[in-house]
Structures are given as structure tokens and as C-alpha cells.
Amino acid sequence: MKLVLLGAPGAGKGTQASRLAEHYGIPHISTGDIFRQNLKDETPLGLKAKVYMDSGLLVPDELTVELLMDRISAEDCENGYILDGFPRTLGQAHALDSSETVDACVDVDVPDELIIERMSGRRVCPACGEPFHVKFNPPVKEGLCDKCGTELITRADDTLETVEKRLSVYHEQTAPLIDHYLAQGKLLRVDGTQAVEEVTEAIVKALDEFEA
Ligand code: AMP
């Protein structure tokens with residue numbers, strides 16, 4: 001299954017993609033995680049991306065599309081993948097359409113006010129990328145990753161000012177993709193305000209019904 005997860009930053013795409021990847025046994029591909037890894041490794045790509053990421057802007061399509069295409073051509077993507085954070089512009093969606101046929105696009109719908117509350121409580125594991133939230137998805141041991149035990153951190157782009165910028169970028173550049181996938185008859189909408197487990201169940205149910 002080739003799946004696109006759409007939704008505002010902080011809608012829970014990362015958390016859901018990770019759970020769905022486990023459920024379906026296919027890789028979770030996050031362009032944000034790939035950029036962050038490049039940043040950590042101080043690669044030329046990471047250093048270029050940092051300027052955009054730190055100010056809440058999108059990394060230009062020229063850098064993002066090739067990176068994603070390269071990743072999904074890997075052997076572990078043979079049976080499909082879950083895209084989290086790609087495509088984010090119509091240009092990226094058209095680039096994806098030109099070489100891949102995705103099965104469905106799930107829009108995880110969350111109102112802006114809740115997004116702001118959620119993002120301020122977000123924590124992430126700097127070692128394995130696992131996402132958490134102090135209130136909505138806390139780790140078993142406070143401040144430590146459930147998967148690998150590393151101390152959790154707050155992302156640099158989760159500050160209020162950057163969150164607001166990222167939300168406005170989402171509405172301008174990414175929200176039009178809802179219509180793009182609707183026109184292709186592939187859009188499934190899920191209420192992302194529910195508990196983490198309920199959102200996953202709603203996505204799996206929507207996909208089951210869609211494929212039936
Ligand atoms: P995320 O972890 O998906 O919220 O991504 C963090 C940041 O990485 C975004 O705010 C962008 O600056 C950049 N980024 C991630 N995915 C993309 C993409 N598909 N297109 C452009 N920029 C991206």
C-alpha cells in the first residue's frame with residue numbers, strides 16, 4: 001500500500017505514520033526526519049535545509065523531490081510506504097504523480113487552536129525520531145524515549161512564532177492538496193482530535209472500507 005498522510009504540522013501525522021507502518025509492515029518515510037538527520041550529520045543538504053526549517057518555511061521542491069524519490073526507490077519500499085510530510089506543495093504532488101500511483105491520501109483533520117496547544121507539548125527522541133507529547137502521548141518514563149531510552153527534546157521549530165508561521169504556510173501551500181486528492185477520488189478524511197489509538201483505528205477502518 002502506498003499511502004500519503006496529509007495534515008497540518010502537529011496534526012499527529014508522525015505518530016500515526018509510525019503506528020500505521022507497524023500495522024501494515026511498510027516503511028514510514030518522513031521528509032522532515034530525513035532533513036533533520038542531514039542536519040545532524042551536517043551534510044550540505046542539511047545545512048541548506050536548516051535555513052528554511054528554522055524559520056518555519058518549506059524547503060524548496062528542487063531539494064525535496066529528488067530526496068524523496070531517491071528514498072522510495074529503495075528496496076524496503078517495494079511493498080509500499082507511508083509518506084509523512086510529503087507532498088507539501090502541488091509541485092511535489094505532481095512530481096509524485098508522474099512516477100508513482102498512490103493508493104490513498106488520509107487527511108488528519110485538526111483545528112488550528114488545538115494544533116498550537118499540541119505543538120507546544122511536543123517532544124521527540126533525537127536518536128530514533130519517535131514522537132511524544134507531554135499530555136496526549138506521554139512516554140512511560142517521563143522525559144525518556146519508550147523505544148530506545150534516549151532523553152527526549154523539544155524541536156527548535158516548535159516555538160510559538162515558528163508554529164504560527166508553519167500553520168500559515170500549511171494553509172497557503174499544503175491545504176490545496178486536499179482538493180488535488182479529492183479530484184483523484186483518493187481522499188479519506190479522519191477526525192484527528194480523537195485519542196491517538198482512536199485516530200489509528202479510524203484510519204485503518206477508512207482504508208479497509210476504501211479498498212473493499
Ligand atoms: P516536519 O517534521 O514534517 O514537520 O518537517 C519539518 C520541516 O522540514 C518543515 O517545516 C519544512 O521546513 C521541512 N520539510 C519537511 N518536509 C518537507 C517537504 N515535503 N517540502 C518542503 N519542506 C519540507
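I began at the ligand: one of its oxygen atoms is 2.8 Å from an N or O atom in the side chain of Arg36. I note here that the model is predicted.

I then looked for other polar partners. An oxygen atom of the ligand sits 2.7 Å from an N or O atom in the side chain of Arg166. I also checked Gln92. A polar side-chain atom of Gln92 is 2.8 Å from a nitrogen atom of the ligand.

How many residues surround the ligand? I found 16. The closest are Thr31, Arg36, Leu57, Gly85 and Arg166.

**Helix 6 and helix 7**

Next I listed who touches whom. Helix 6 brings Asp112, Ile115, Ile116 and Met119 to the contact. Helix 7 brings Leu160, Val163, Glu164, Arg166, Leu167 and His171. I sorted these residues by class: six are nonpolar, one is polar and three are charged. I see that Arg166 is in this contact and is also among the residues closest to the ligand.

**Helix 7 and helix 8**

I moved on to helix 8, residues 176–183. Helix 7 and helix 8 pack at about 35 degrees, with their axes 5 Å apart. From helix 7, I noted Tyr170, His171, Glu172, Gln173 and Thr174. They meet Pro176, Leu177 and Ile178 of helix 8. By class, I have four nonpolar residues, three polar and one charged.

**Backbone checks**

Last, I checked the backbone. Most residues other than glycine have a negative phi, and most peptide bonds are trans.

Which peptide bond is cis? I found the one from Phe86 to Pro87, with omega near -5 degrees. Pro87 lies in the loop between strand 3 (81–84) and helix 5 (90–99).

Then I turned to Glu42. Glu42 is not a glycine, yet its phi is positive, about 55 degrees. I placed Glu42 in the loop between helix 2 (31–40) and helix 3 (44–54).

Methods. Residues numbered from 1 in each chain as written. Predicted model: local features only at pLDDT ≥ 70, side-chain atom pairs only at ≥ 80, totals over all residues. Heavy atoms only, no water. Contact = heavy atoms within 4.5 Å. Helix = DSSP H or I, 4+ residues; strand = E, 2+ residues; numbered from the N terminus. Nonpolar A, V, L, I, M, F, W, Y, C, P; charged D, E, K, R; others polar. Near = heavy atom within 4 Å. Polar contact = N/O pair within 3.5 Å; in protein donor to acceptor, adjacent residues only side chain to side chain. Axes fitted to C-alpha atoms, helices over the stretch in contact; angles between N-to-C directions.
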